[in-house]
Amino acid sequence: MTITVKALQKTGPHEPFQVVDLERREVGPHDVLIDIRAAGICHSDIHTIRNEWGEAHFPLAVGHEIAGHVEAVGAEVTGFAVGDRVGVGCLVNSCGECDACRSDQEQECSGGKGRKVGTYNSVDVDGSITQGGYAQKVVVDADFVLRIPEGLDLQQAAPLLCAGITSYAPIARWGVGPGSKVAVLGLGGLGHMGVQIAAAKGADVTVLSRSLAKEETALKLGASRVLATTEEDFFRNHRDEFDFILNTISADIPVDRYLGLLKPRGVMAVVGLPPEKQPLGFGALIGGSKVIAGSNIGGIRETQEMLDFCAEHGLGSWIETIGVDEVDAAYDRVVAGDVQFRFVIDTETFAGAAVVAS
Ligand code: NAP
Ligand code: ZN
């Protein structure tokens, strides 16, 4: 039998969120039913449901930063038991057979259409469109469920499932550690995790923000200084300073100019995905033999490694908790850069919310 849960959906990019009844699939032999306690608001949710990245399939519930408790498990599930603290990120299935899946990089699964399944707005194995975590419960294949270590608060852990892994993976891949001079470009949801993780790895971290407004909190997160990218002669004053830049910006910026902040052979890892194409002059790469690299969330194994790393180092997301009736307003505040640093929906507030008539 399917499971009826309350969820927040939009019927179009400019419509408000509505509380609706959503059917989750029956718990299959390899599935886990999760009672969701917290759902983070990622800027990707906003890009997607406002149709900024291409086709959103409406009605749609987004949300891929999910934390909660196991409520039930299928007959073949051995790794999880009722009551366990668990999370789900951006992926809920992949082919399991291609080179990417075999090397724990499920996020790059090339197993063909319909095989790699995102947590929302994605074609599921049964042909339906996946509905995300702004909901009371979700049913997920056990291979895509993460364990949230004791010591991590569920609300503060939820954003780690996307913002955490998306920052952690390039920092690990490019060998950031003691002696690295790192710049985190943009201090939002991804950026504030990037600062904490890079600092915990032993790097010297500078935050590059549009103003100095977040300076005090940035220093508390582990940065050694904050620079305002709007300061006079910014690009000239800070040429050749950094080994590594984590670019988390969600909007258009002059990327070439930021490459000038890298030392020769330095690396810019791009994780921010603005809706428009960004111009790039090859001269900015060739002079100084620099690298610009993309990075796409992270695989399931690395996501678990990141959660364990955060627990070990006492890291979590800095959050503002909201109710289900506050999500539209929260979206506007995220776009305005007015949140320190992640909104998390307290899904217990679904209990008092009326469902719209269908
Ligand atoms: P966010 O919380 O809104 O942070 C984005 C930051 O970008 C803001 O805090 C702001 O930093 C800066 N910014 C925003 N508008 C700007 C503008 N017009 N000019 C200059 N800087 C601006 O967003 P997020 O959730 O961290 O996500 C960031 C981006 O990463 C989004 O595009 C998202 O879709 C993408 N993303 C990618 C992946 C991946 O796998 N690669 C995963 C998750 C998210 P300051 O206020 O400090 O200036
Ligand atoms: Zn995300």
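This is a predicted model: local features need pLDDT of at least 70, side-chain atom pairs count only at pLDDT 80 or more; totals for chains, interfaces and linings use all residues.
His 64 and Cys 162 link distant parts of the chain, 98 residues apart. His 64 sits in the loop between helix H1 (43–49) and strand E4 (66–73). Cys 162 sits in the loop between helix H3 (154–157) and H4. Helices (H or I, at least four residues) and strands (E, at least two) are DSSP runs, numbered from the N terminus. His 64 is buried, at 8% relative accessibility. Cys 162 is buried at 5%. Buried means under 20% relative accessible area, exposed over 50% and partly exposed in between (1.4 Å probe, protein chains only).

Residues are numbered from 1 along each chain as its sequence is written, while chains are lettered from A and ligands numbered from 1 in the order in which they are written. Local features need pLDDT of at least 70, side-chain atom pairs count only at pLDDT 80 or more, and totals for chains, interfaces and linings use all residues; side-chain values use heavy atoms, with hydrogens and water left out.

Helix H4 spans residues 163–173 and packs against helix H5 (residues 189–200) at an angle of about 50°, with the axes 8 Å apart. H4 is therefore oblique to H5. Angles under 35 degrees count as roughly parallel, over 145 as roughly antiparallel, 65 to 115 as roughly perpendicular and the rest as oblique. Axes are lines fitted to C-alpha atoms, for helices over the stretch in contact, and angles run from 0 to 180 degrees between N-to-C directions. On the H4 side, the contact involves Ala 163, Gly 164, Thr 166, Ser 167, Tyr 168 and Ile 171. They meet Gly 189, Leu 190, Met 193, Gly 194, Ile 197 and Ala 198 of H5. Contact means heavy atoms within 4.5 Å. The contact residues comprise 7 nonpolar, 5 polar and no charged. Ala, Val, Leu, Ile, Met, Phe, Trp, Tyr, Cys and Pro count as nonpolar, Asp, Glu, Lys and Arg as charged, and the others, Gly among them, as polar.

H4 is mostly covered, with 9 of its 11 residues buried. Among them are Ile 165, Ala 169 and Pro 170. The cover includes H5, strand E13 (242–247), strand E14 (262–270), helix H10 (300–313) and strand E17 (342–346). Just after H4, Gly 175 takes a positive phi of about 65°.

Three further positions were examined. Val 86 belongs to strand E5 (residues 85–88) and is buried at 0% relative accessible area. Beyond four places in sequence, Val 86 contacts residues including Ile 34, Ile 66, Phe 80 and Val 145. Val 86 and Ala 158 are 72 residues apart in sequence, and their C-alpha atoms are 9.4 Å apart.

Ser 122 occupies the loop between strand E7 (117–118) and strand E8 (137–141). Ser 122 is buried, at 14%.

Pro 59 lies in the loop between H1 and E4 and is partly exposed, at 43%. The C-alpha atoms of Pro 59 and Glu 215 are separated by 40 Å.
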